[in-house]
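Thanks for asking me to look over this one with you. Here are my notes, as numbered points you can follow with the structure open beside you.

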2 protein chains.
Amino acid sequence: MGKSWSVLLSWPGRTGPEAAVPEVELERVAGDDSAIRIVHGDNEGVLQAMAPELEGKVSLVYLDPPFFTMREFERVTRRKSGTSPPVRILTPAFDDRWCGLESYLSSLRSRLVLLRKLLSPHGSVVVHVDPRTSHYVKVLGDEIFGPDAFASEIVWRYRRWPARTPNFQRVHDVLLRWVADPCAAPRFTQLYEELAPSTLKTWGRGKQKAVFDGTGRRRRSSTEQAPSPGVPLGDVWEISIIAPVGRERTGYPTQKPEGLLERVIGALSEPGDIVLDPYMGSGTTLSVAAKLGRRAVGMDQSHVAVGVTRERLAAAGVQFSEFRAVPVQRQQAPGQLRRHAP
Amino acid sequence: MGKSWSVLLSWPGRTGPEAAVPEVELERVAGDDSAIRIVHGDNEGVLQAMAPELEGKVSLVYLDPPFFTMREFERVTRRKSGTSPPVRILTPAFDDRWCGLESYLSSLRSRLVLLRKLLSPHGSVVVHVDPRTSHYVKVLGDEIFGPDAFASEIVWRYRRWPARTPNFQRVHDVLLRWVADPCAAPRFTQLYEELAPSTLKTWGRGKQKAVFDGTGRRRRSSTEQAPSPGVPLGDVWEISIIAPVGRERTGYPTQKPEGLLERVIGALSEPGDIVLDPYMGSGTTLSVAAKLGRRAVGMDQSHVAVGVTRERLAAAGVQFSEFRAVPVQRQQAPGQLRRHAP
DNA sequence: GCAGTTAATGAATCGCATG
DNA sequence: CCATGCGATTCATTAACTG
């Protein structure tokens with residue numbers, strides 16, 4: 001554990017013994033050695049099983065866990081029945097019901113502890129949550145990674161239909177980022193966004209340059225010839241949600257836009273790096289990682305998620321291999337990959 | 001206390017006895033009974049002294065406490081000395097150095113506990129912080145007001161000169177809001193912002209209206225004659241910081257823009273309501289409250305803050321009265337206001 | 001092809017009906 | 001009486017269609 005505040009979260013029974021993680025091993029289902037890997041199974045066991053291979057080698061972990069909404073989520077598929085209205089088919093995808101915030105935080109905590117060991121020294125972890133739990137998750141994460149390792153709270157601002165409520169419309173999610181080692185030089189590629197309208201008006205696209213007088217005081221700025229690449233990317237990102245009828249949409253609930261992952265992966269990893277997504281869902285992370293030339297591992301418990309991701313990667317022409325977690329059979333040598341006959 | 005999660009913050013010594021608040025009473029310094037009141041003194045004592053008067057009567061508390069920056073802040077004043085460069089004069093304004101997050105949170109906690117009792121049932125508390133402490137403050141506030149009372153995390157997105165750092169630029173503050181009673185109808189006036197460009201393009205300014213078929217399925221939307229007032233205000237606000245040479249600027253450090261307070265006060269209180277700002281600073285809350293016809297009380301320990309606010313309100317032609325906190329003299333009857341001879 | 005129009009529906013939220 | 005569900009609300013976005 002990193003250096004921690006002495007301010008911690010506490011709840012009844014927190015200090016009790018933690019349940020042992022059921023030991024699993026990975027069985028290859030399809031594909032050969034590929035830069036992109038899908039693993040079907042509970043991420044807790046899978047992370048433990050992959051620890052020997054991945055320890056210290058992961059540049060970026062992006063986690064999009066359930067948001068503690070106390071709901072079940074379904075995948076929507078549409079079948080066009082020739083005649084007029086297409087039929088909507090609902091398939092259960094994942095269950096976000098919990099017996100209390102304690103159990104939610106405990107579950108997330110055990111994953112974060114396992115993930116920390118996989119990070120390379122220049123790596124970072126990004127947890128995608130919403131403002132209903134982000135604050136608790138932040139305090140939890142500070143305890144695991146150390147408060148000095150906290151690097152950014154990124155606000156994803158989106159637009160959606162308004163709800164009638166005597167409150168400000170909730171239109172943002174939160175991405176919390178910690179670095180593996182606050183003293184190491186972090187993986188970070190500077191990305192840029194468009195200059196503010198007011199800046200364009202006053203300065204145009206030329207770079208501004210501060211001008212100092214003899215005494216060291218700033219006198220004014222001047223416009224340079226060289227065009228500015230834009231402003232260095234901030235921590236508030238305005239990115240559209242995937243339109244209900246958008247091409248990108250897979251029907252998997254809670255799907256994240258590729259534009260969001262492009263920023264996360266583009267800024268926080270480099271080509272050839274390993275990116276890890278323990279809550280794979282519809283496979284947006286894998287899809288974007290492949291597009292940007294990263295290696296990646298995605299995990300999900302849900303066979304619906306695995307199916308959606310498999311089809312998505314195949315449709316995009318991405319080479320990938322697929323594994324599944326199976327309970328360790330004590331009779332045979334552990335850790336050995338068994339070939340699965342299809 | 002409201003109903004709470006069983007997830008709490010804990011730190012060594014937290015359960016120990018809390019220091020007693022030094023008892024003070026208010027002494028009138030200037031002005032007669034006014035809708036706007038300035039009180040010079042430590043807000044903890046002042047809140048306790050004003051409790052009998054304000055209990056259950058405050059519609060909105062806006063707090064802009066120090067941000068745990070571990071710095072001292074100074075006021076900048078410029079004196080134009082006839083000749084060329086104006087002289088900058090620095091006056092210490094407030095001290096934001098703490099011996100640990102625990103002491104910061106303890107201090108804030110005692111204020112929030114006092115404030116809770118002053119709120120009317122439809123009232124709310126808004127705490128302005130930044131993402132370095134917001135998460136701890138949120139967990140603390142949930143404990144005091146109850147997690148069900150948490151209403152909004154508002155993100156104030158501003159634009160500033162970018163810093164050279166291998167990280168996303170920090171360009172947001174956070175406003176946390178709790179309501180006094182989650183079951184009561186809250187004070188809330190719906191404010192609107194401009195429609196998204198894509199909406200304007202597709203729909204124009206007409207309201208959209210859902211159209212359903214016989215089976216209850218939504219078929220499509222149609223544009224109505226009635227113009228939409230815009231989209232109901234969200235929880236991410238893009239508001240400029242006060243320009244370094246802006247007319248609004250008082251020179252007081254950490255001054256907040258009036259536009260921010262216009263939204264907070266406009267949405268969460270009504271004309272005639274009492275608005276309270278225990279960390280008054282340069283008096284933005286009082287200034288905006290006066291402009292919007294609210295009654296208001298501002299408190300600050302710093303005589304620089306009180307001076308800046310006094311000049312600011314006077315310059316704006318706002319009638320106000322001013323008090324100061326003095327230790328209770330046990331010899332004379334307590335609670336009685338003493339007239340101060342200037 | 002390109003521009004303008006129409007269709008479809010979503011990590012929402014409240015209130016009221018229904019068991 | 002409490003839990004659950006569905007109707008009503010109406011912005012944002014892209015696909016598909018039309019001229």
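This is a predicted model: local features need pLDDT of at least 70, side-chain atom pairs count only at pLDDT 80 or more; totals for chains, interfaces and linings use all residues.

1. Local features are described only where pLDDT is at least 70, and side-chain atom pairs only at pLDDT 80 or more.

2. **Chain A overall.** Chain A contains seven helices and 18 strands. Of its 342 residues, 50% are buried. If you take the contacts in chain A with a separation of 6 or more, 73% of them join residues 24 or more positions apart. The chain exposes about 16400 Å², and 53% of that comes from carbon and sulfur atoms.

3. **The ten-stranded sheet of chain B.** In chain B, ten strands make an open sheet with mixed pairing, and their order is β2-β17-β3-β16-β15-β4-β7-β9-β8-β14. The edges are β2 (24–30) and β14 (236–238) of chain B; each has a single partner strand, so one side of each lacks a neighbour in the sheet. On average, and ignoring direction, neighbouring strands of this sheet are turned by 20° against each other.

4. How many of the eleven residues of strand β7 (residues 119–129) of chain B are buried? Nine are, and the strand is mostly covered. With strand β4 (residues 58–63) of chain B, β7(B) pairs in the parallel sense over five bridges, and B:V61 has B:V125 as its bridge partner. With strand β9 (residues 172–179) of chain B, β7(B) pairs in the antiparallel sense over six bridges. In that pairing B:S124 stands opposite B:V179 of β9(B).

5. **Around DNA strand C.** DNA strand C is surrounded by 26 residues, of which A:R78, A:W161, A:P244, B:R218 and B:R219 are the closest. Among the atoms of this DNA strand that come within 4 Å of the protein, sugar and phosphate account for 47%. A:D64 has a polar side-chain atom 3.4 Å from a base nitrogen. A:F67 places a backbone N or O atom 3.4 Å from a base nitrogen, and a polar side-chain atom of A:K256 lies 3.1 Å from one. The elements giving two or more residues to this surface are β5 (71–79) of chain A, and α4 (197–203) and β12 (218–227) of chain B. β12(B) gives the most, with four residues.

6. **Around DNA strand D.** Which residues come nearest to DNA strand D? Of the 22 around it, they are A:P162, B:S198, B:T199, B:Q208 and B:A210. Sugar or phosphate makes up 57% of the atoms of DNA strand D within 4 Å of the protein, and bases make up the rest. A polar side-chain atom of B:S198 is 2.3 Å from a phosphate oxygen of this DNA strand. On the base side, polar side-chain atoms of B:W203 and B:Q208 are involved: the one in B:W203 lies 3.0 Å from a base oxygen, and the one in B:Q208 lies 3.0 Å from a base nitrogen. Both α4 and β11 (206–212) of chain B supply at least two residues of the surface near DNA strand D, with the largest share, five residues, coming from β11(B).

7. **Buried spots in chain A.** Helix α5 (residues 258–268) of chain A is largely enclosed by the rest of the structure, because eight of its eleven residues are buried. Among them are A:E258, A:L260 and A:L261. A:R109, in helix α2 (residues 101–118) of chain A, is also buried, with a relative accessible area of 16%; the cut-off for buried is under 20%. Leaving aside residues up to four places away in sequence, A:R109 touches A:R14, A:E18, A:L140, A:E143 and A:I144.

Technical notes
Residues are numbered from 1 along each chain as its sequence is written. Chains are lettered from A and ligands numbered from 1 in the order in which they are written. Side-chain values use heavy atoms; hydrogens and water are left out. Buried means under 20% relative accessible area, exposed over 50%, partly exposed in between (1.4 Å probe, protein chains only). Contact means heavy atoms within 4.5 Å. Accessible areas come from the Shrake-Rupley method with a 1.4 Å probe; for residues, only the protein chains shown count as cover. Two strands pair if DSSP finds at least two bridges between them. Axes are lines fitted to C-alpha atoms, for helices over the stretch in contact, and angles run from 0 to 180 degrees between N-to-C directions. A residue is near a molecule or strand if one of its heavy atoms lies within 4 Å of it. A polar contact is a pair of N or O atoms within 3.5 Å; within protein, one must be able to donate a hydrogen and the other to accept it, and residues adjacent in sequence count only if both atoms are side-chain atoms.
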